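Please keep the sequence and the structure at hand while reading.

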Amino acid sequence: MRDTEQAPQQAQNPTNFDIHLSGARVAFGGVDIFDDLDLTLRAGSFTCLLGPSGVGKSTLLRFLTGLVEGDVSGNITCSNGGILRNRIAYMAQQDLLLPWRTVRENVELGAVLRGERPDHARAEHLIAEVGLTDAAHLRPAKLSGGMKQRAALARTLMEDRPVVLMDEPFSALDPVNRLRLQELAARVLRGKTVLLVTHDPLEALRLGDHVHVLSGAPATLADAITPDGQSPRNITDPAILAQQAELLRQLGADISTDYGAEAVS
Amino acid sequence: MSLQNNPHPHKKPLTERRWLMLVRPLIIVVALIATWQALVLITGAPKYMLPTPTDVWATLIARHDVLLDHAQYTIAETVIGLFAGAALGTLAAIPMALFSPVRFWLMPILLVSQAIPFFALAPLLVLWLGFGLASKIAMAALIIFFPVTVAFFDGLARTETGWLDLARTMGASRWRLLTHIRLPAALPAFASGFRVATAVAPIGAVIGEWVGSSHGLGYLMLHANARVQIDMVFACLLILCAFSITQYFIVDRILRAALPWQPDSLKPVR
């Protein structure tokens with residue numbers, strides 16, 4: 001697969017509404033993870049959420065999916081009305097492919113679970129888009145880690161939802177596969193509203209139009225950093241490296257001697 | 001993988017492993033029979049205490065009509081009991097996994113049922129269901145109900161939460177969550193319970209026959225024992241062993257073929 005040679009594509013149905021999260025609070029066992037948190041996801045933009053482990057990044061993402069249960073409050077509104085819950089596709093750190101279904105059957109899972117007839121042609125197209133045509137008939141056990149995440153990406157795209165929530169989807173991959181998947185994601189998700197949780201500042205700057213750092217207890221959101229240009233960005237660009245230093249500083253790393261990459265990786 | 005280019009020289013090639021798989025049980029059986037024969041020769045035990053393998057073999061041949069006639073009852077009781085128990089176990093495990101009130105009410109009853117010695121239940125089952133097949137099928141079904149229920153319930157309760165979260169974001173109904181995620185995910189656990197059940201099912205049938213019956217290998221063993229026909233008792237035992245092993249391997253093969261995706265670290269690497 002040579003994603004780098006693909007021309008940038010525009011999404012067929014770009015998302016046309018903002019999402020406003022206001023006064024969000026989640027507590028586990030009486031301890032606030034975050035309280036009175038506000039966040040706006042701009043229509044069709046790629047937002048990244050950075051933060052140290054355990055700060056509540058995944059909880060915030062799951063809050064938006066409606067999967068967090070218990071001591072939860074806050075408002076989620078869409079600028080064009082309607083509820084967010086039915087408009088999201090979710091991609092987790094693990095591929096979450098069902099081991100008894102082939103790649104094609106996994107990609108078509110959403111339709112099957114809703115009792116709809118799967119659009120086989122669209123599934124084939126998306127499988128081809130992520131470069132898995134030859135593996136479409138295989139079960140996940142026969143795939144490499146990178147292939148599994150590509151299949152999971154195809155399954156996410158198959159949902160054709162305006163909002164995509166991704167929880168560290170590339171963190172388990174080797175560096176080369178991670179770069180490839182980032183390029184692929186930037187291309188196929190263009191035009192959709194995306195929230196990506198990551199612990200990698202460079203990944204956030206490479207893909208995100210807005211990069212937020214979540215820190216503290218209860219966690220608070222810092223103002224967004226907005227890298228220039230279109231994603232996927234060049235990670236050797238001096239401006240990107242300077243912004244990486246700023247993000248690392250916000251994350252609490254000592255960058256007086258180097259970029260402090262070890263401190264957060 | 002060719003034999004010449006074996007990337008794992010410390011591992012035996014596949015054909016050699018297959019050959020070993022076939023020959024190994026044969027070696028074990030021959031060794032057991034030889035030990036048995038040697039034990040009789042060394043101890044000088046009389047035939048009415050411990051017959052030799054050749055005595056038992058002679059009885060198997062001479063009385064095969066009687067043995068097979070009774071064996072078919074035991075086999076029928078075991079197989080029907082196995083499927084009845086597995087069906088009941090499945091029907092109990094699903095609502096227990098899905099509805100917590102059912103779990104809270106049913107789990108203590110299940111545990112209490114295991115505290116009752118099954119041998120003590122056999123006379124009651126014969127009293128209630130008669131001398132025929134029904135009481136033995138019930139006995140076999142009761143014995144395997146617990147391992148199937150517990151294993152399947154455990155599988156259903158341990159469904160990967162990520163799969164359930166993903167399915168919920170996709171808008172899955174409770175029913176489709178069960179049929180497309182929870183049930184298939186729990187099948188390997190069900191298979192483990194069913195394998196255990198397959199091994200213990202004949203015990204239930206034979207206990208039932210001991211307590212009250214007019215047919216079956218258990219009945220035949222009891223009568224032969226009373227008449228000091230120990231070679232006949234051993235012949236019955238051998239048939240029971242052969243049936244149990246055959247049944248186990250058939251079930252194991254079917255389950256492996258039906259669940260080719262289940263993780264199995266014991267599978268040979270190809």
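Where does A:Pro232 lie in chain A? In this predicted model, A:Pro232 is located in the loop that runs between β9 and α8, the latter covering residues 238–250.

## Cis peptide bonds

Most peptide bonds are trans. One exception here is the bond that joins A:Ser231 to A:Pro232, which is cis, with omega at about 0°.

A cis peptide bond also links A:Ala217 with A:Pro218, where omega is about -5°. A:Pro218 belongs to the loop of chain A between β8 (210–215) and β9 (220–221).

## Positive phi angles

Most residues other than glycine have a negative phi. A:Asp36 is not a glycine, yet its phi is positive, at about 55°. This residue is found within strand β2 of chain A, which comprises residues 31–41.

A:Glu168 is likewise a residue other than glycine with a positive phi, in this case about 45°. Its position is in the loop between β6 (163–167) and α6 (175–188) of chain A.

## Exposure of the positive-phi residues

Is A:Asp36 buried, exposed or partly exposed? A:Asp36 has 13 C-beta neighbours inside 10 Å and therefore counts as partly exposed. The reason is that a residue is exposed with 12 or fewer such neighbours and buried with 20 or more.

A:Glu168 has 19 C-beta neighbours inside 10 Å, so this residue also counts as partly exposed.

Notes
Residues numbered from 1 in each chain as written. Chains lettered and ligands numbered in written order. Predicted model: local features only at pLDDT ≥ 70, side-chain atom pairs only at ≥ 80, totals over all residues. Helix = DSSP H or I, 4+ residues; strand = E, 2+ residues; numbered from the N terminus.
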